[in-house]
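Please look through the sequence and the structure below, and keep both in view while you read the explanation that follows.

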Amino acid sequence: MSDAERPPTEFEPAEPNTGEEFEPVDVFPDSTDFDLRPGADSCYKCSTCDTNCPVAEVDDDFPGPKFQGPEQWRLKQNEEDYEVDDSVMDCSNCMRCDNACPSGVPLSQMHNTARGEYVENQMSKLSVEYIRNRILANYRTSAWFASKVPRLANAVMNFGPARWVMEKTMGVTSEREFPAFATETFREWWDRQGAAGGSRERARENRERRGDPVDADKKVAYFHGCYSNYNTPEVGKAMVRVYEHFGYEVVVPEQRCSGTPMFANGMLTDARRHAEVNVSSMADLVEQGYDAIASCTSCSMALRQEYPELFDIDGVEEVAAHTFESVEYLRIHEDLRGAIDETEIDGDLAEEFAYHAPCHARNQGLNRQAVELFGDLDGVDVEDVGDSCSGISGTYGWKAEKYDKSMEIGEEMFEHMEDTDGETGMTECPTCAMQMEHGTGYEIRHPLELLEAAVVE
Ligand code: SF4
Ligand code: SF4
């Protein structure tokens, strides 16, 4: 029985609001709004953002975040007919400039709104670039179709001549292997486990085992994102098992793409459509006392920062305030170090891990958490491979014209990974994981998988 067919219980969320009643918002309703953005005038031209931009470092034609943000802002203020510079499409939306700016200028918000305006008003909707970007940005749609015939899709997507045709006609690089689609999605597996009702029973049993109050108010709503659902369900399963181990009831609400690849490609209308469903689902649950948990750091970033920056959806601020990355939440609420101290890893995961903190994890202050958490775990060693960008930035590294730059950005990370003794990588971001695997040949794991091996019997 699917989630949709199952009668609601007291432990299941109310029917999510689909967001139909929300009116779309104009990103730039008129040019005079350009000078109203908070923080736009705070730039004092120190260029710190430019020196921290990985794209500017490898692409001499990219003018950098200072130009993309505050400088274009001023140009727009002064020239009524000013058109957004097309270089805004070369920004990978890594958001490192946000983190770097000492003056709190909302750079990525400015880039996202400018990119949205460029795509909406200046980009031909019949151009190959637009069509390619739209397909890449709407990965969830392609993944949904592929998940119906995963074995066939895996064979076709990695068939050499098909990849060559995709590069020549669509500009999708043939240098990368397409990620494999799982033969059972996370949501199909979740249904087999009894969904919310099954989780409630398991969580209660674990509370009894732990000696916690059986009626403890421990409940979370899992935002699995597209990749954990269609490609790496083992990450979603680890999330569920770890949370239930600590006595949490998990629900998996109706959800769409977080919108991360859409922001990066200026597809703000698509992003808003998905955000409306995600926010309304999560807002209902937040009201019932749930917190929203994401296992992908770009998804948690979207719910926490990009949605409230870009969309005026009812409930968006409440959802942002109650969204956490999966390991972060447990570090706040549970004695994870204590749980880990009592255990030892052996078998496949007894390894030295080369850990890469995704740029979007850095923006949330999570860059050291895996290294600190697993530092005392017997049988493993987790080594931080430095603060460089992986270079793939979601869809950026999949574009044929960006592939070489993407690999050049990632070079430092590849070298540091190869300096570690093991041959396994670790990261929270699925596309960083693709780049790590592509650049080194290492197998890549999510911190939740190691946590599951450490604490779940
Ligand atoms: S880092 Fe901030 S203050 Fe410095 S140039 Fe960039 S936007 Fe302006
Ligand atoms: S988001 Fe990343 S690529 Fe884009 S301007 Fe900022 S630092 Fe550069």
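In this predicted model, three helices, namely H3 (65–78), H4 (96–100) and H5 (107–121), each supply at least two residues of the shell around ligand 2. In total, 14 residues surround ligand 2, and the closest are Cys53, Pro65, Cys91, Cys94 and Cys97. If we sort the shell around ligand 2 by the class of its residues, we find eight that are nonpolar, five that are polar and one that is charged.

From the ligand we can turn to the way the chain is divided. The domain assignment gives four parts, with domain 1 covering 31–121, domain 2 covering 128–170, domain 3 covering 186–333 and domain 4 covering 337–455. Between the C-alpha centres of domain 1 and domain 4 there is a distance of 29 Å, and where these two domains touch, 10 residues of domain 1 are in contact with 11 residues of domain 4.

Which helices supply at least two residues each to the side of domain 1 that touches domain 4? They are helix H2 (54–58) and helix H4, and H4 gives the most to this side of domain 1, with three residues. By class, the side of domain 1 that touches domain 4 is made up of four nonpolar, three polar and three charged residues.

Methods: Residues numbered from 1 in each chain as written. Chains lettered and ligands numbered in written order. Predicted model: local features only at pLDDT ≥ 70, side-chain atom pairs only at ≥ 80, totals over all residues. Near = placed C-beta within 6 Å. Helix = DSSP H or I, 4+ residues; strand = E, 2+ residues; numbered from the N terminus. Nonpolar A, V, L, I, M, F, W, Y, C, P; charged D, E, K, R; others polar. Domains from an automatic or database assignment. Contact = placed C-beta atoms within 7 Å.
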